[in-house]
Amino acid sequence: MAKDRPDADIDRELEELPAELRWREWMRRIEAVLFASASPVPREDLARVVGKQASVDLLIEDLIADVADRPYEVAAVAGGWMLRTRATYAAVIRAAADVGGQDLDLREFDVAVLAAVAYNQPITRDGLKDIFGKEVSRDLIGRLHARDLIATGPRSPRRGAPYTFVTTEKFLVAFDLQSLRDLPDREQLDDAGVGVIDE
């Protein structure tokens, strides 16, 4: 997020340009910011590069239409937007590109633990043990933490309170969620035969 950065010395209003070119420049600015950002960019940060009267939402809509025939898309995830390659190109990217550590390489149990954290956060290791009927290893928790899929959550104010775990923005991005409200409904998962994680 750019909220801690001072305002750049840029002409946001672009009053010397005709309206159509001004709009196109604002779209390009948003595209450039999304291209350069490693994480989703929230609306308020995008608003810093366009005119005061410009609608970021409408600019994003036009940008989505503009890149419709390209191998990447504008995705709304984790409370912001980001550019990402379309899923249809995943195999060719893996075959030819250096994607350096971007592959999550999660096992089925890893995903189950992530789901337990997502649905029950903040949750302790004991809470995870209650769900799975066995101890969740510190190694697994460490791997998920190192991949920035979970983070340490709040501790209760009592002395010796255990750590809790919560999901992160990277979790939302990895699973294509705008927020935790977008998690599948537990009843729908039960109906589909997917074991849902209960406390």
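Visitor: What's the relative accessible area of Ile64?
Guide: Ile64 has a relative accessible area of 38%, so Ile64 is partly exposed. Buried means under 20% relative accessible area, exposed means over 50%, and partly exposed lies in between, with a 1.4 Å probe and protein chains only. This is a predicted model, where local features need pLDDT of at least 70 and side-chain atom pairs count only at pLDDT 80 or more, while totals for chains, interfaces and linings use all residues. Residues are numbered from 1 along each chain as its sequence is written, and side-chain values use heavy atoms, with hydrogens and water left out.

Visitor: Which helix is Ile64 in?
Guide: Ile64 sits in α3, residues 56-66. Helices here are DSSP runs of H or I with at least four residues, strands are E runs of at least two, and both are numbered from the N terminus.

Visitor: OK, Glu31 then. Buried or exposed?
Guide: Glu31 is buried, because its relative accessible area is 12%. Glu31 belongs to helix α1, residues 19-36.

Visitor: What does Glu31 touch?
Guide: Leaving aside residues up to four places away in sequence, Glu31 touches Leu63, Val67, Arg70, Tyr72 and Leu83. Contact means heavy atoms within 4.5 Å.

Visitor: Changing topic: how many residues are in the largest nonpolar core?
Guide: That core has 22 residues, and Val113, Val117, Leu128, Leu144, Ile150 and Phe171 have the most contacts inside it. A nonpolar core is a set of buried Ala, Val, Leu, Ile, Met, Phe, Trp, Tyr and Cys residues joined through side-chain atoms within 4.5 Å.

Visitor: Which helices supply it?
Guide: α5 (108-120), α6, α7 (138-146) and α8 (169-174) each give at least two residues. The largest share, six residues, comes from α5. There is also a second, separate core of 18 residues, which includes Ile30, Leu46, Leu63 and Val67.

Visitor: What does Phe171 touch?
Guide: Not counting residues up to four places away in sequence, Phe171 touches Leu114, Ala118, Asp148, Leu149, Leu177, Leu180 and Leu183.

Visitor: At what angle do α5 and α6 pack?
Guide: The angle is about 115 degrees, and the axes are 11 Å apart. Axes are lines fitted to C-alpha atoms, for helices over the stretch in contact, with angles from 0 to 180 degrees between N-to-C directions. On the α5 side the contact uses Phe109, Ala112, Val113, Ala116, Val117 and Asn120, and on the α6 side Leu128, Ile131 and Phe132.

Visitor: Which backbone oxygen lies 2.6 Å from a polar atom of the Arg125 side chain?
Guide: The one of Val136. Arg125 also touches Glu135, Ser137, Arg138, Ile141 and Phe165, among others, not counting residues up to four places away in sequence.

Visitor: Last one: how many helices and strands are there in the protein?
Guide: There are nine helices and four strands, in the order α-α-α-β-β-α-α-α-α-β-β-α-α along the sequence. Of the 199 residues, 33% are buried.

Notes
A polar contact is a pair of N or O atoms within 3.5 Å; within protein, one must be able to donate a hydrogen and the other to accept it, and residues adjacent in sequence count only if both atoms are side-chain atoms.
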